[in-house]
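This briefing walks through one chain fold by topic, and the sequence and structure are shown just below. Please keep both in view while reading the points that follow.

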Amino acid sequence: MKLPWAVVRIANAVTNLALIAGIPRPPYNRGNALIAETIGRRSRKRRRVPVGYLDDGGRIIVVVEDGSRAHWVRNALAAGGRLRIYFRGAWRSAQLHVLDADPEIYLKRMNRVHAGLVRSEASTPGVVELVPD
């Protein structure tokens, strides 16, 4: 069952503030979550969404609940894969790459609570890699 849109918006705003302030907001902290910032495809407004990630040997892997249909992924792809990420306490430019991989392989290695949330909210999960500049 999907959470109501307003609940997600409020939770994301609180999580964004916590990540920027360096305050853990279980199950997220700066070691397993980042903020993806894109520019809206139509609105041209800045959009920020917190996402859980897995450090896979230095690679930043994100299992996206709606895969390539997620708005932040579509916004990044419309910009040639470019976005900004708030990663480990600093804003950085990054490149998004959609991976042809089984999301479950990565979810098994992520924080259990985060992985459970992704599984419960996912429609068509997908995997992306974020490569900071």
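This is a predicted model: local features need pLDDT of at least 70, side-chain atom pairs count only at pLDDT 80 or more; totals for chains, interfaces and linings use all residues.

Arg-44 is exposed, with a relative accessible area of 59%, and this residue has a positive phi of about 65° although it is not a glycine. Arg-44 belongs to the loop between strand 1 and strand 2.

- The 7 strands of an open sheet follow the order 2-1-5-6-7-4-3, and their pairing is antiparallel.
- Strand 2 (46-52) and strand 3 (54-56) form the edges, since each of them pairs on one side only.
- On average, and with direction ignored, neighbouring strands of this sheet are turned by 40° against each other.
- Helix 1 (residues 5-21) lies across strand 1, strand 2, strand 5 and strand 6 (90-99), and this helix runs at about 80° to strand 2.

**Strand pairings**

- Strand 1 (residues 33-39) and strand 5 (residues 82-87) run antiparallel and are joined by 3 bridges, with Ile-35 standing opposite Tyr-86 in strand 5.
- Strand 7 has strand 6 as one antiparallel partner, to which 6 bridges join it, and within this pairing Val-98 has Val-128 of strand 7 as its bridge partner.
- Strand 4 (residues 59-64) also runs antiparallel to strand 7, here with 5 bridges, and Val-64 stands opposite Gly-126 in strand 7.
- Strand 7 (residues 126-132) is mostly covered, given that 5 of its 7 residues are buried.

**Nonpolar cores**

- The largest nonpolar core holds 19 residues, of which Leu-34, Val-62, Trp-72, Leu-83, Ile-85, Leu-96 and Leu-130 touch the most other members.
- Two or more residues of this core come from each of strand 1, strand 2, strand 4, helix 2 (71-78), strand 5, strand 6 and strand 7.
- Apart from that core lies another, of 9 residues, which includes Leu-54, Ile-61, Tyr-106 and Ala-115.
- When neighbours within four places in sequence are left aside, the contacts of Val-62 are Val-51, Gly-52, Tyr-53, Trp-72, Gly-126, Val-127, Val-128 and Leu-130.

**Aromatic rings**

- The structure holds 2 aromatic pairs.
- Separately, the charged end of Arg-84 sits over the ring of Trp-91, at 4.4 Å from the centre of that ring.

**Backbone exceptions**

- Most residues other than glycine have a negative phi, and most peptide bonds are trans.
- The peptide bond from Pro-26 to Pro-27 is cis, with omega near 5°, and Pro-27 is found in the loop between helix 1 and strand 1.
- Arg-88, a residue other than glycine, likewise has a positive phi, near 55°, and its place is in the loop between strand 5 and strand 6.
- Arg-88 counts as partly exposed because its relative accessibility of 44% falls between the 20% limit for buried and the 50% limit for exposed.
- Arg-44, by contrast, counts as exposed because its relative accessible area of 59% is over the 50% limit.

Technical notes. Residues are numbered from 1 along each chain as its sequence is written. Side-chain values use heavy atoms; hydrogens and water are left out. Two strands pair if DSSP finds at least two bridges between them. Helices (H or I, at least four residues) and strands (E, at least two) are DSSP runs, numbered from the N terminus. Axes are lines fitted to C-alpha atoms, for helices over the stretch in contact, and angles run from 0 to 180 degrees between N-to-C directions. Contact means heavy atoms within 4.5 Å. Rings of Phe, Tyr and Trp (its six-membered ring) pair if their centres lie within 6.5 Å; planes under 30 degrees apart count as stacked, over 60 as edge-to-face and the rest as tilted. A charge sits over a ring if NZ of Lys or CZ of Arg is within 6 Å of the ring centre and within 35 degrees of the ring normal. Buried means under 20% relative accessible area, exposed over 50%, partly exposed in between (1.4 Å probe, protein chains only). A nonpolar core is a set of buried Ala, Val, Leu, Ile, Met, Phe, Trp, Tyr and Cys residues joined through side-chain atoms within 4.5 Å.
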